[in-house]
Amino acid sequence: MAGRAPALQDVPRRKGFVALLPAADATTRIFDFVALIEFPGCPPTTRIKLPVKGKGMATALKADPMSLVFGDVPTHGWADQLLMLHNTNTVLPVAWRGVKQLPYFNLMPSSGTILAGQTNQVMVRYQPKALGSHSGAIPLQVTSEAGGI
């Protein structure tokens with residue numbers, strides 16, 4: 001089967017997090033194949049044809065809330081807010097990790113695994129070490145439990 005990029009649906013852009021989610025028809029694909037099994041040292045007549053089925057499923061996280069506003073925080077002080085990460089796949093676990101840390105913002109924990117259909121809490125800490133307004137997006141890498149993106 002020739003590969004093609006899955007269709008993506010528009011996700012509302014809100015300050016804080018930006019995501020591209022697969023369209024509903026692109027999250028699950030069913031594949032039918034026939035595997036030819038050969039046994040070393042045996043004649044070619046001992047080959048076995050075995051039907052094989054597989055289902056490819058997308059992994060995805062949903063963040064709630066989509067934007068965090070910390071308000072006024074004193075320099076060298078800190079403020080914490082909880083971010084809920086929900087695994088929208090109802091069958092497969094998903095692994096995630098913060099790709100890079102932004103100045104003044106940290107994730108605790110910085111990585112984790114979320115079981116199918118479950119939600120985990122992540123604490124986001126804002127700890128300014130300089131005067132001014134600070135903002136940014138914290139990128140998360142989402143993978144299957146085995147590590148593939």
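These legends walk through several close-up views of the predicted model shown above.

A few ground rules come first: residues are numbered from 1 along each chain as its sequence is written, and side-chain values use heavy atoms, with hydrogens and water left out. Since the model is predicted, local features need pLDDT of at least 70 and side-chain atom pairs count only at pLDDT 80 or more, while totals for chains, interfaces and linings use all residues.

**View 1. Here is an open sheet of four strands.** Strands (labelled E, at least two residues) are DSSP runs, numbered from the N terminus. The order across the sheet is E5-E6-E10-E8, and the pairing is antiparallel. E5 and E8 stand at the edges with a single partner strand each, so one side of each has no neighbour in the sheet. From one strand to the next, the twist averages 30 degrees; here axes are lines fitted to C-alpha atoms, and angles run from 0 to 180 degrees between N-to-C directions. In general, strands of a sheet pair through backbone hydrogen bonds, either parallel or antiparallel.

**View 2. Zoom in on E8 and E10, an antiparallel pair.** Two strands count as paired if DSSP finds at least two bridges between them, and this pair has four bridges. Pick out Met108 and you'll find its bridge partner in E10, Met123.

**View 3. Two cis peptide bonds are on show, one between Asp64 and Pro65 and one from Met108 to Pro109.** Pro65 sits in the loop between strand E5 (61-64) and strand E6 (79-87). Pro109 belongs to the loop between strand E8 (105-108) and strand E9 (111-114). As background, most peptide bonds are trans, and most residues other than glycine have a negative phi.

**View 4. His76 and Tyr104 each have a positive phi, about 70 degrees for His76 and near 80 degrees for Tyr104.** Neither is a glycine. His76 lies in the loop between E5 and E6 and is exposed (over 50% relative accessible area; buried is under 20%, partly exposed in between, with a 1.4 Å probe and protein chains only), at 57%. Tyr104, in the loop between strand E7 (94-98) and E8, is partly exposed at 27%. The two are 28 residues apart in sequence and 9.7 Å apart in space, C-alpha to C-alpha.

View 5. A contact means heavy atoms within 4.5 Å. From Pro74 to Gln127 it's 53 residues in sequence and 8.5 Å in space, C-alpha to C-alpha.

**View 6. The largest nonpolar core has 19 residues.** Such a core is a set of buried Ala, Val, Leu, Ile, Met, Phe, Trp, Tyr and Cys residues joined through side-chain atoms within 4.5 Å. Phe70, Leu85, Trp96 and Val124 have the most contacts inside this core. E5, E6, E7, E8 and strand E10 (119-126) each supply at least two of its residues. Beyond four places in sequence, Leu85 touches residues including Leu61, Trp96, Ile114, Val122 and Leu140. In soluble globular proteins, nonpolar side chains tend to be buried together.
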